[in-house]
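The following paragraphs lead the reader through selected features of one structure. Please keep the sequence and the coordinates at hand while reading.

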Amino acid sequence: MKRAADGAAAGEEEAKRLAMEGHQGRPVPPVGGAAAEEERPAEDKQDDELDDFGIPRGWRECPCVGRPVDRFVPMKVPLGARFDAHIVPEQRFNIDAALEEAHAALVKANYLVDVDERDAAGRQVLDENGRPKRVRMVPPIALVIDLTRSSRYYDPQNWLDRGVKYVKIPCQGRGQVPQPEAVTDLVFEMFQYLQECPTGVALIHCTHGFNRTGYMIASYLARVHGKSMPRALEMFTKARPPGIYKHYYIRHLFRYYHERLPSGFPFPAQPPWKAGDSPEHEEDEEVEGSGSGPGPEDPHAEKHHDDVIGEQVNLPEEAFLRGRVMDAILGPDPYRNRVWLPGSQPVSLDASNKTLLEERPYWVTWKADGTRYMLVLMRWGTYLIDRKFAIRRVQMRWPTPLKPGQQAKGPVGPPHHLTILDGEMVVDENMAEDRWDRRFLAYDMVMCNGHSLVDRPWMERFKLIESEVIKPRNVEKHKIQTGQWQYHYQYDKEAFHVRRKEFWPLTKADSLIEKFIPQLSHEADGLIFQATQDPYVPGTCNELLKWKFAHMNSVDFRLRRHPQRGWMLELLETRRGKALPDGKKPGYHELEGARVEFPEGQDPELYDLRIIECSWDPVKQVWLFMRERKDKEMPNATHVFESVQRSIEDNIKEDELLAYIQQVLQLPLYDRDTGRAQGAAQLPQ
């Protein structure tokens, strides 16, 4: 599958291209010795050790097909007819044999599905009551997944000629476990396949059908069905004994899925047809992060809130997730032609809009100087979506609360599926312990398990973050840590911590500024004012207010060098039609007369045509460079700049803001928050 341009994915895309355009099952010429080794393509050498005829060592003796496990039938790679001259007839295994033996394995396992009966013309058959007549039958095999990096074993067209879709997901071999991106591709391919063919089964193979195949199936069982790693490995071992016999594959599975490897875990023995190898033979060659995904981060290594974390997803899955997010916030629209992240954006508080605090009840929180993300929780993965609408996946756990009457397999319910959180990533610095911890602060929720929340009041959405998302994680974590539940999941190994970002009544505004913000272990640059009864508003929300400390009021510009005029600061005009100011056109525009100043030693050339955040120096009348906005592809819109400019000109200082809030709190609509009314406001749970 294609991904956005990325060097790490280039090798996979090339391997997939070779699979469809390459050797098409032609073996290496039957010459022995070093010459044969030199002639073999690099992907063949990485895939598995080959004999002088280009056949993987041990392939002839290796069992052809395993028993079905979930929606997969594992097998070894079929070899094209060109290899037949080098294989005795009873050991040949081609595509026709693969389909025949897989069908026999399904029959033997009594793997049957209920389907609507059809007549010879394909029409649905009805019973005597007029209802669709159902019959039990062996499920169709309409997909094969090739995990090898080689294109030499067979011609993929032979699958297509037999009505089987062919998918290439090249996985590293010989010293490296499959990349997380490859597993993500597998999961999404199966999701799409089962949407089209709900009763279907897929064939899956590497060269021998044990290690890479087992790794991918175990990962699928963990991601899609929530199986613990011991259970997932047990299921594969029963289907394809002896199971994954490379022990470092097993250790990596436990590490990637944040599970503690049980003491005395029964590592499978190496099969006799792999004689000469050791199950640990290549462990010393395994390179962390090279085909095996990112390893655990060092908590003592410095981190930044805009660091790129997680793994890329392929373009089809990215498009699917973008569609789900836009549908959740904007509503379904089959004719939508604009792709954008519809997250709610605050406007700067100034003299003209501060009166909103008098019209409806507001609560307040600190404005963290972090990186904005929406978090999409799917059953099979956690997805971080940034301002660019770029999507990356991380491995985390999100149980739902256990509902009354729900069958309990543990202290919590099944995982979230299609839950969308809005929030920001910060890095908490613990100077006493010399460590940095990433933390996602969730301040809104727009969808919960497929149910839209955008029209519900913010306070209701805010409470649901805690009850539906944060509390179940904490309950499960506590049960595991105290030994009340024997599950070896390690929450502390996840890519970041998660908590709900707290809000308070306006009565706490002075404490926030004077006590809370100075004690934070991450950067903060002001306050956010949230109307408690408002729905979720996509894009610029004029009722969602931000106030920044004067020296941190900032604008995001695009920096561009003009050949005659030097460095220019540009904004993006997004208004159209009647809203567009006279004489302006949509697109990038220079902020006329603006000057930018960089700190000593900072080279502006590094930021040409990039987005930079700048604060205003009223004394020098110049914009001061603060940082590059790596999370943004476009500068602030012109109307956003105008809002910030009004805020800068009004220059509402801390004491003025707090005095105004005290005045506002005298209004009847704040009686509950101030305790003047019965049923005084309680902090939300």
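Contact, as used below, means heavy atoms within 4.5 Å. Helices (H or I, at least four residues) and strands (E, at least two) are DSSP runs, numbered from the N terminus. The model is a predicted one, in which local features need pLDDT of at least 70 and side-chain atom pairs count only at pLDDT 80 or more, whereas totals for chains, interfaces and linings use all residues. Residues are numbered from 1 along each chain as its sequence is written, and side-chain values use heavy atoms, with hydrogens and water left out.

Two strands pair if DSSP finds at least two bridges between them. Four strands, in the order β1-β6-β4-β5, form an open sheet with parallel pairing. Its edge strands, each pairing on one side only, are β1 (72-75) and β5 (165-168). From one strand to the next, the twist averages 20°. Within the sheet, β4 (residues 141-146) and β6 (residues 201-205) are joined in the parallel sense by five bridges; Ile141 has Val201 as its bridge partner in β6. Helix α4 (residues 95-108) lies across β1, β4 and β6 and runs at about 115° to β4. For such values, axes are lines fitted to C-alpha atoms, for helices over the stretch in contact, and angles run from 0 to 180 degrees between N-to-C directions.

The next topic is a helix pair. Two packed helices are described by the angle between their axes and the distance between the axes. Helix α7 (residues 211-225) and helix α9 (residues 247-256) have axes that come within 11 Å and cross at roughly 20°. This angle makes α7 roughly parallel to α9, a description that applies to angles under 35 degrees. On the α7 side, the contact is made by Asn211, Arg212, Tyr215, Ala218, Ser219 and Arg223, and on the α9 side by Tyr249, His252, Leu253 and Tyr256. The loop between α8 (229-239) and α9 contains Pro242, and the peptide bond from Pro241 to Pro242 is cis, with omega near 10°.

Buried means under 20% relative accessible area, exposed over 50%, and partly exposed in between (1.4 Å probe, protein chains only). In α13, Ala509, Leu512, Ile513 and Ile517 are buried. Because these residues cover an arc of only 90° around the axis, they lie on the same side of α13; the arc is that of the directions from the helix axis to the C-beta atoms. An α-helix has 3.6 residues a turn, so residues three or four places apart point the same way. The other side of α13 carries the exposed residues Glu514, Lys515, Pro518 and Gln519. The buried residues of α13 pack against β9 (362-368), β17 (504-505), β18, β19 (539-548) and α15 (654-664).

Strand β18 (residues 524-531) includes Asp525. Asp525 has a relative accessible area of 2% and is therefore buried. Apart from neighbours within four places in sequence, Asp525 is in contact with Lys367, Asp369, Trp547, Lys548, Phe549 and Met552.

Two loop residues complete the account. Phe389, in the loop between β11 (381-385) and β12 (391-394), is not a glycine, yet has a positive phi of about 70°. Phe389 is buried because its relative accessible area is 2%. Asn449, likewise not a glycine, has a positive phi of about 50° and is found in the loop between β14 (435-448) and β15 (451-452). With a relative accessibility of 28%, Asn449 counts as partly exposed.

How values were computed: Angles under 35 degrees count as roughly parallel, over 145 as roughly antiparallel, 65 to 115 as roughly perpendicular and the rest as oblique.
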